[in-house]
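Visitor: I would like to learn how to read a model of this kind, one feature at a time.
Guide: Then let us look at it together and begin with confidence.

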Amino acid sequence: MLSQIVFQGQNYTDLAVYTVDGGRVYALQLTAPAQVFAQLQPLFQGLLGQVQLAGGSTSAPLLPGYPASPPGMPETPGYPMPGPGGTGPGMPSLPPSPTLTAAQPSFTPPADRVVQLRYGKEVGDGRQFAVALGGLYYRIEPAGNGRWRVTEVVEDTEGKSEETYLLDGLGLEEGKEVLLPPVWHTGRTNIGGDTFARVAQGDLILYSLQDEKNRIEIAYRKDGWLAYFIYCDFSKPRNPCTRYSLKEVR
């Protein structure tokens, strides 16, 4: 359960994780100022991994990330995000994962066939969502020499936009981040100059950032494809969050 709390003019984020073991309910809770919550999240996840319940179980609950929600495009300088004119926000930095390096991508697309991905669009408050007009599409073509030509198409109420990128095995174009979310994850937590928290949740790998103004969550399946992408702009009074969820891989 994720909650936003205001106490004496200070914004706090409270995360409570519940699990049932041996007929008992256990709760583990993290409360921190909203501006540093993302920095403490990996530490909390590490503590959860060390919990041993009274019944002898060592399968502590994984930190669930932030409530499912989708990406409305940020307006601060940064890296491109799906949607016309979208750019990425400046977020607090987190320590990079010591087990992952930029030289060892976790997954790259097939080099012998074209892949097309289709995502549906939803909007909401970060907890509940409704289907919205539009969607997100990727066409990934092998381009030789360890590169892929990636075409991104974004549809919304304002029309359709299309961009093409030539990416290498690390999701970079000439050494630069040009596409967020990347259509394959590399294991790198530093994306577009910001460092994301990286956790495992069931069959997904989650990359996340959050501060008082924005929230980003990127989830990848075990086969490497982007499962969903969430972006929230908390300055919007209504439906601040947008979610793109994978509908088809072919």
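**Reading the model**

Guide: pLDDT is the predictor's confidence in each residue, from 0 to 100. This is a predicted model, where local features need pLDDT of at least 70 and side-chain atom pairs count only at pLDDT 80 or more, while totals for chains, interfaces and linings use all residues. Residues are numbered from 1 along each chain as its sequence is written, and side-chain values use heavy atoms, with hydrogens and water left out.

Visitor: Over residues 57–81, how many contacts does the model have beyond near neighbours in sequence?
Guide: A contact means heavy atoms within 4.5 Å. The stretch 57–81 has 125 of them beyond near neighbours in sequence, with pLDDT below 50. Residues 83–103 also have pLDDT below 50, with 63 such contacts. Where pLDDT is low, the predicted coordinates should not be read in detail. For the protein chain, the average pLDDT is 76, and 74% of the residues score at least 70.

Visitor: What is the order of the strands in the open sheet?
Guide: Two strands pair if DSSP finds at least two bridges between them. The nine strands of this sheet follow the order S7-S6-S5-S4-S14-S13-S12-S11-S10, with antiparallel pairing. S7 (159–168) and S10 (197–201) each have a single partner strand, so one side of each lacks a neighbour in the sheet. Within the sheet, S11 (residues 204–210) and S12 (residues 214–220) are joined by six bridges; Tyr207 has Ile218 in S12 as its bridge partner.

Visitor: How many aromatic pairs does a search of the whole structure find?
Guide: Rings of Phe, Tyr and Trp (its six-membered ring) pair if their centres lie within 6.5 Å; planes under 30 degrees apart count as stacked, over 60 as edge-to-face and the rest as tilted. The search finds four pairs. One of them, Phe107 with Trp225, is edge-to-face, at 5.3 Å centre to centre and 80° between the planes. These two residues are 118 residues apart.

Visitor: Is Trp225 buried or exposed?
Guide: Buried means under 20% relative accessible area, exposed over 50%, partly exposed in between (1.4 Å probe, protein chains only). Trp225, at 6%, is therefore buried, and Phe107, at 17%, also counts as buried.

Conventions
Helices (H or I, at least four residues) and strands (E, at least two) are DSSP runs, numbered from the N terminus.
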